[in-house]
Amino acid sequence: MLRRFACLAIAALLFLFADRSAGPISAEVALPMLKATEPADMCLWPAQHAYSASQAGGVQAAVAAPADWPGRDVIGGDVPPIRIVEDPYPTFDGIAVDSENDVVVMSDENRGSLLMYDRRGGSHATAVTEPQRQIIGPQADLGFIAGVTLDPKRREAWVVNNDGGGVAVFSYDQHGNAKAVRELEVPHQSWGLSLDLTRDEVAITSQQYQGISVFARTATGIERPLRTIRGEKTQLADPHGVYLDGPGNEVFAANHGNWTEMRSYADDVVLLPGEYKPGRFELPSIRVFRATADGNVPPIRTIQGDRTQLAWPMGIDVDREGRELAVANYGSSAVLIFAKAADGNVAPLRIIGGPRTGIVGPVAVGFDRRNREIWVANYGDHTAVVFDIDAAGDVAPKRIIRNAPAGTPTTGFTNASAAAYDSKRREVLVPN
C-alpha cells in the first residue's frame with residue numbers, strides 16, 4: 001500500500017513541476033524525489049504479493065485479479081530454476097596501480113566487488129591469487145562497475161557504477177560488506193575514471209552522455225561538474241577509457257565509435273538544438289582535449305584510422321615520463337602503445353599481443369613507472385598479467401594474478417539483457 005502512495009506522490013510532484021516549467025525537469029530536482037521511493041523498492045500495481053500458489057491445479061488470489069491481468073491463471077511462487085548459467089568467479093574490469101603503497105586495485109563487474117592485491121603478488125602458478133581485501137555486499141552498493149582510479153596520498157579507491165549508482169569512494173583499509181566513505185552522482189553509463197592530484201580533479205566519461213565530465217576531487221552527492229566536454233564538435237562517440245593529464249593540460253578519451261544523439265532530462269537544448277539526428281558508426285579513436293576545455297569544443301588531436309589498429313579501445317593510461325599512451329584494445333586482444341603526442345592515422349610504437357602474452361579481451365591497462373611495469377586486466381580470462389614497461393610483441397608475462405583456477409572459462413556476459421531461445425539449434429542467445 002505504501003508503494004502505491006509513494007508512486008502517486010512522485011507522479012503528482014512531477015506533474016506540478018512540469019506544469020510550471022517550459023522545459024524538462026532537471027536531474028537535480030528529479031533525483032531527490034526518486035530517491036524518496038527507495039525504501040519501497042519499486043512501484044507495483046497490484047501489490048507484488050497479491051497472488052500465491054495453492055493447489056497444483058490452479059492459483060488462489062489474495063485479492064481479485066483484473067480479468068486482463070497477464071498470467072492470472074499461471075502457477076507461480078518461489079520456483080527454482082532448472083539450471084543456471086553463470087560465472088561464480090570475479091571478472092576483472094577496471095585496474096589502477098599505486099606504486100607508493102604497493103597496491104593494485106581491480107573492479108569486478110561479475111560479482112559486483114572491488115579487489116585489492118599486493119602489487120608484488122601473482123606468479124605463474126595455476127591456483128587463485130588471494131586478494132588482500134575485497135569490498136563486496138549490499139552496503140557496498142556495487143553493481144555493473146567499470147573504471148577505477150586511486151588516490152595514493154589519501155589511500156582511497158574510486159570506482160564507477162556503469163548502470164547507475166554513481167561513483168563510490170572506499171578507503172584502502174575497508175574490507176567486506178563496507179559502505180563507501182562518500183559517493184558522487186554522475187551521468188548514466190559512466191565508464192572511465194581518472195584522478196589528477198595536481199589539479200585536484202577527476203575526469204569521468206559517459207557512454208550515453210557522449211562526453212567527459214570533470215569534477216572537483218572533493219565533490220560529493222549531487223554536484224554539477226566543473227566542466228563538461230560534450231557536443232558534436234567534440235567527436236566523442238561511446239567514450240570509455242579516460243586519462244586526465246593535469247601537468248600537460250590534456251585529457252584523453254578512448255571511443256568505440258558508436259554515436260547516437262542522447263538527450264537527458266537536464267540541459268541539452270543548447271548543446272543539441274534542432275531535429276533529432278540518427279545514429280551512426282565511426283572508426284574507433286582516441287580524442288585529446290585541453291584539460292581546461294569546456295562545452296562543445298573540437299579535440300586538439302585524434303588518433304584514428306586503419307594504421308592505428310584500434311578496435312574496441314577500452315581502458316587507457318599515460319606514462320608522462322616515458323611520453324607514451326597505452327590502450328587496452330579489446331577487439332584484437334592486445335595492448336597498443338602510441339607516442340603520447342601521436343596524431344592522425346599513425347601506427348602504434350609497439351604492440352603487446354599474441355598467445356604467449358596471456359592477453360585475452362583486455363579492458364584496462366596501467367603503467368607502474370616506479371617499478372617499470374605495465375599491468376593488463378583481462379575480461380576474456382580470469383587473469384591480470386604483468387609485463388616489463390618496454391615489453392613488445394608476443395612475450396610471456398612476468399607474473400599473473402588469477403581470480404579463478406587456471407583454465408576456468410568465462411561466460412562472456414557483459415550486462416546481459418533479454419535472452420532468446422533458438423529451437424532449431426537448441427541454443428540460448430544472450431545479447432550483451
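Glu 324 is buried, as its relative accessible area is 14%. Keep in mind as you work that this model is predicted.

**Exercise 1.** Explain why Glu 324 counts as buried, and find where Glu 324 lies and what Glu 324 touches.

*Solution.* Start with the cut-off: buried means under 20% relative accessible area. Glu 324 has 14%, so Glu 324 is buried. Next, locate the residue: Glu 324 belongs to strand 22, residues 324–329. Finally, look at the contacts beyond four places in sequence, which include Asp 317, Ile 337, Phe 338, Leu 349 and Phe 367. One of these, Leu 349, is 25 residues away in sequence, with a C-alpha to C-alpha distance of 8.9 Å.

**Exercise 2.** Work out the strand order of the open sheet and which strands stand at its edges.

*Solution.* The order is 21-22-23-24, with antiparallel pairing. Strand 21 (313–319) and strand 24 (350–353) each have a single partner strand, so one side of each lacks a neighbour in the sheet. On average, neighbouring strands here are turned by 20 degrees against each other, direction ignored. Now zoom in on one pairing: six bridges join strand 22 to strand 23 (residues 334–339) in the antiparallel sense. Val 327, for instance, has Leu 336 in strand 23 as its bridge partner.

**Exercise 3.** Classify the aromatic pair formed by Tyr 243 and Phe 252.

*Solution.* The structure has three aromatic pairs. For Tyr 243 and Phe 252, the ring centres are 6.5 Å apart and the planes are at 65 degrees, so this pair is edge-to-face. Both Tyr 243 and Phe 252 are buried.

Definitions and conventions
Residues numbered from 1 in each chain as written. Predicted model: local features only at pLDDT ≥ 70, side-chain atom pairs only at ≥ 80, totals over all residues. Heavy atoms only, no water. Helix = DSSP H or I, 4+ residues; strand = E, 2+ residues; numbered from the N terminus. Buried < 20%, exposed > 50% of the residue type's maximum accessible area, 1.4 Å probe, protein only. Contact = heavy atoms within 4.5 Å. Pairing = 2+ DSSP bridges. Axes fitted to C-alpha atoms, helices over the stretch in contact; angles between N-to-C directions. Phe/Tyr/Trp six-rings, centres within 6.5 Å; stacked < 30°, edge-to-face > 60°.
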